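Subject: Structure handover

Hello,

Here is the structure you asked about, with notes on what was found in it. Please read the notes with the model open beside them.

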Amino acid sequence: METLNQNDDYVKSEIERSMRHLADPKVQHAIKVQSYIRSYVTDFLREAGYTEIAPIIISPLTDPLNHPVYDPKIHAYGGDMWITQSMIFHKQIAVQELKKIFIMSPNVRLETEEKAGTGRHLYEFTQIDIEALEKSREEMMSLAEDMIIYTISRIKKEHSEELKYFHRTLPDYQKPFPVITFREAEEKYGKGFETKLSKDSTSPVWVIDIPLKEREFYDREYPDRPGILRDMDLIWPEGFEEASSGGEREYELSQILDRIHKKGQTEEQFKWFIELAREGIKLTTGFGIGIERFTRFVCGVAKIEDVTTFPKVPGRISL
Ligand code: ASN
């Protein structure tokens, strides 16, 4: 197979596409909205006592994810490192000392080609990733609600011209957002309920108690409900689907090992984290919200590519 990034015609057409994209007024307006969202969520978190830490780009430890992606592995210095898929473990470690943190965290997830047309997937994106020490899931859900309400209300107040450009009206969402358990959602909407739940909702809605088989190993199990986790996803309304995922984290070594085995993963893959857990870590809880998805929702646009400068659509090598 010819390597796409070595073909001159491909490079030329991609550059032209990038230039057209950047010149598109819709894209320019959405990028402004993204910039306001970045500013308001960080204002809110600093005010709430959270410290911003710098993103990690490469490490021997990253999120395994619970869905198949191409391996972003780099071989260097006689060992393997991964490009960050999420900073989950770094959050959990840093917050032991810093107590309340957030990161504007660029993530690379080399999604498979069939995700190209979803309107929701980019293989490089940024999430605002938040973690706090010894807080409960419910406390963090409340923080997320305040953050979203604050951000949307500032955009409505200070940048109504941008919402007008997109013919977008956003209600004043009320706290607490509705909550549905994973089981209730499956009973009501069937398997893979996210699209239906999102279309059926007029407010962001929480899905809680997501089972282990649907998640990575690191979220915390209810002590008395094996296989059910103290975690939460936030779903945007109006069909915009997933906004956020998060949960309380497992912190006891025996639980962490048990979970890695149950998920069919190897201790070798997580030895840096296992070693830390052996030293002793405390309960932490957090979540991450995709900035591009947040922007897509606020602008009400169909394609996530339209809210960012250099979109990386799965399957395409792009600038
Ligand atoms: N940021 C997410 C969390 O805090 C993890 C992820 O992005 N996979 O749970």
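Helices and strands here are DSSP runs numbered from the N terminus, a helix having at least four residues and a strand at least two. On that basis the chain has 10 helices and 15 strands. Please keep in mind that this is a predicted model.

Overall form

The radius of gyration of the chain is 20 Å, which agrees with the value near 20 Å that a compact globule of 319 residues would have. Along the principal axes, the C-alpha atoms fill a box of roughly 55 × 50 × 40 Å. Of the 319 residues, 52% are buried. Among contacts with a separation of 6 or more, 73% are between residues 24 or more positions apart.

Helix α2 and its two contacts

Helix α2 covers residues 25-47 and packs against helix α10, residues 291-299, at an angle of about 120 degrees. The two axes are 9 Å apart. Angles of 65 to 115 degrees would count as roughly perpendicular and those over 145 as roughly antiparallel, so α2 is oblique to α10. The crossing of α2 past α10 is right-handed. On the α2 side the contact is made by A30, V33, Q34, I37, R38 and V41. On the α10 side the residues are I291, E292, F294, T295, V298 and C299. Sorted by class, this contact has 8 nonpolar, 2 polar and 2 charged residues.

Helix α2 also packs against helix α4, residues 137-158, here at an angle of about 135 degrees and with the axes 9 Å apart. These two helices are therefore oblique to each other as well, and α2 passes α4 in a right-handed crossing. From α2, the residues involved are V33, Y36, I37, Y40, V41, D43, F44 and L45. They meet L143, D146, M147, Y150, T151, R154, I155 and E158 of α4. This contact divides into 11 nonpolar, 1 polar and 4 charged residues. Note that V33, I37 and V41 are listed in the contact with α10 and also in the contact with α4.

F240

F240 lies in the loop between β13 (231-236) and β14 (241-248). Is F240 buried or exposed? Its relative accessibility is 11%, and because buried means under 20%, F240 counts as buried. Leaving aside residues up to four places away in sequence, F240 touches R120, R168, S198, R296, F297, G300 and V301. The C-alpha atoms of F240 and G119 are 9.3 Å apart, although 121 residues separate the two along the chain.

Backbone points to check

The loop between α5 (160-165) and β9 (179-181) contains P176. The peptide bond from K175 to P176 is cis, with omega near -5 degrees.

H167 is in the loop between α5 and β9 too. H167 is not a glycine, yet has a positive phi of about 50 degrees. With a relative accessible area of 74%, H167 is exposed.

Y77, in the loop between β4 (73-76) and β5 (79-83), is another residue other than glycine with a positive phi, near 55 degrees. Y77 counts as exposed, at 81% relative accessibility.

Regards

Methods:
Residues numbered from 1 in each chain as written. Predicted model: local features only at pLDDT ≥ 70, side-chain atom pairs only at ≥ 80, totals over all residues. Heavy atoms only, no water. Axes fitted to C-alpha atoms, helices over the stretch in contact; angles between N-to-C directions. Parallel < 35°, antiparallel > 145°, perpendicular 65-115°, else oblique. Left-handed = near helix turned anticlockwise from the far one by under 90°. Contact = heavy atoms within 4.5 Å. Nonpolar A, V, L, I, M, F, W, Y, C, P; charged D, E, K, R; others polar. Rg over C-alpha atoms; globule rule 2.2 N^0.38 Å. Buried < 20%, exposed > 50% of the residue type's maximum accessible area, 1.4 Å probe, protein only.
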